[in-house]
Amino acid sequence: MSDSRDRLPAATRLGRSVLTVSDESAMVDFYRDVIGLSVLSREGATTVLGAGDAPLLELRHAPDARPRPTDATGLFHNAFLVPSREALGDGLARIRDRWELTGASDHGVSEALYLDDPEGNGVEFYRDRPRSEWPRDGEGGIQIGSWPLDLESVAAAADDGAGDAVPDGTTLGHVHLEASSLETDREFYVDALGFDVKTASPKALFVAAGDYHHHLGINTWHGRSSPAPTDARGLSRLDLVVPSSEALERVRERLEDAGAAVDERAGGLECRDPDGIRIRFRARSDSNDGE
């Protein structure tokens with residue numbers, strides 16, 4: 001049996017996603033008016049949006065940033081998790097009124113709406129079913145499927161009296177990445193960092209800490225083959241929050257043992273995944289994420 005110290009603590013979660021954007025105004029309007037996040041702060045070229053007092057998304061304005069090349073790795077989607085089906089229905093109403101869906105799926109574990117932001121970054125807006133209802137295989141493993149979603153049932157669940165903002169308790173539930181190699185990403189995220197594999201296929205991998213269905217999705221569906229240039233729009237950084245300073249130190253040890261370069265950053269540690277995506281690690285007491 002593996003030492004539990006080789007796995008990330010079950011209380012690990014995502015903090016915030018950081019995007020480089022060229023049209024700041026359009027992007028802020030989209031995430032506020034369509035997704036329903038609140039603007040928490042605006043300072044210089046940086047706008048932070050979130051739910052309640054919890055930062056979930058950081059937009060960094062770089063007016064000359066160019067589109068991500070079609071062969072470049074990076075973000076498939078940021079996935080915002082709302083705490084109820086009513087909130088999902090409210091989100092569907094905003095999207096229908098102000099934007100356009102690109103897809104919708106019943107994943108068994110969750111109900112999900114899909115759309116793209118003004119600069120082409122994928123967005124998932126979803127709610128989890130109760131864990132007692134999650135499909136399981138014969139060994140108790142989580143089964144994530146993909147079936148048509150009954151959109152009119154979701155729409156009927158909306159709270160007509162709700163405001164335009166997502167409710168407190170909304171989180172960045174997971175992030176889905178486009179990678180150049182599942183093998184090298186598995187070595188980094190599972191073998192070195194300590195996520196558990198929840199679902200795997202020849203071209204996709206879903207991993208999580210603890211018993212969640214997935215905190216990270218990783219796919220090679222579109223044949224991405226090179227890291228995104230530093231002057232490109234899209235995902236700039238992803239934050240992971242661990243429950244204690246001891247857990248943060250264990251992350252450092254595991255990554256350094258695997259040969260990863262780990263740098264000190266304000267409030268945490270930072271390294272790059274095999275495709276060059278910056279991953280910042282924070283301890284919960286130092287996370288500056290509303291806790």
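1. Does Pro-67 count as buried, partly exposed or exposed, and why? Please keep in mind that this is a predicted model. Pro-67 counts as partly exposed because its relative accessibility is 49%, and the cut-off for exposed is over 50%.

2. Staying with Pro-67, this residue sits in the loop that links β4 (54–61) and β5 (74–82). Once neighbours within four places in sequence are set aside, Pro-67 is in contact with Ala-232 and Arg-233.

3. Now follow the chain into strand β5, where Ala-79 is found. Ala-79 counts as buried because its relative accessibility is 0%. Apart from neighbours within four places in sequence, Ala-79 has contacts with Glu-124, Tyr-126, Thr-171, Leu-172, Gly-173 and His-174.

4. Taking contacts in the protein chain between residues at least 6 apart in sequence, 68% join residues at least 24 apart.

5. Searching the whole structure gives seven aromatic pairs. One of them joins Phe-30 and Tyr-31 in an edge-to-face arrangement, with 4.8 Å centre to centre and 90° between the planes. Both Phe-30 and Tyr-31 are buried. Together with Phe-80 and Trp-99, they make up one aromatic cluster.

6. On overall form, the protein chain contains five helices and 17 strands. Its radius of gyration is 18 Å, which agrees with a compact globule, because a globule of 291 residues would have a value near 19 Å. Along the principal axes, the C-alpha atoms fill a box of roughly 50 × 50 × 40 Å.

7. Finally, burial, surface and charge. Of the 291 residues in the protein chain, 51% are buried. The chain exposes about 12600 Å², and 46% of that area is supplied by carbon and sulfur atoms. There are 32 positive and 53 negative side chains, and the centres of these two sets lie 2 Å apart.

Technical notes. Residues are numbered from 1 along each chain as its sequence is written. This is a predicted model: local features need pLDDT of at least 70, side-chain atom pairs count only at pLDDT 80 or more; totals for chains, interfaces and linings use all residues. Side-chain values use heavy atoms; hydrogens and water are left out. Rings of Phe, Tyr and Trp (its six-membered ring) pair if their centres lie within 6.5 Å; planes under 30 degrees apart count as stacked, over 60 as edge-to-face and the rest as tilted. Buried means under 20% relative accessible area, exposed over 50%, partly exposed in between (1.4 Å probe, protein chains only). Helices (H or I, at least four residues) and strands (E, at least two) are DSSP runs, numbered from the N terminus. The radius of gyration is taken over C-alpha atoms; the globule rule is 2.2 Å times the number of residues to the power 0.38. Contact means heavy atoms within 4.5 Å. Accessible areas come from the Shrake-Rupley method with a 1.4 Å probe; for residues, only the protein chains shown count as cover. Lys and Arg count as positive and Asp and Glu as negative; His and the chain ends are not counted. The place of a charge is taken as NZ of Lys, CZ of Arg, CG of Asp or CD of Glu.
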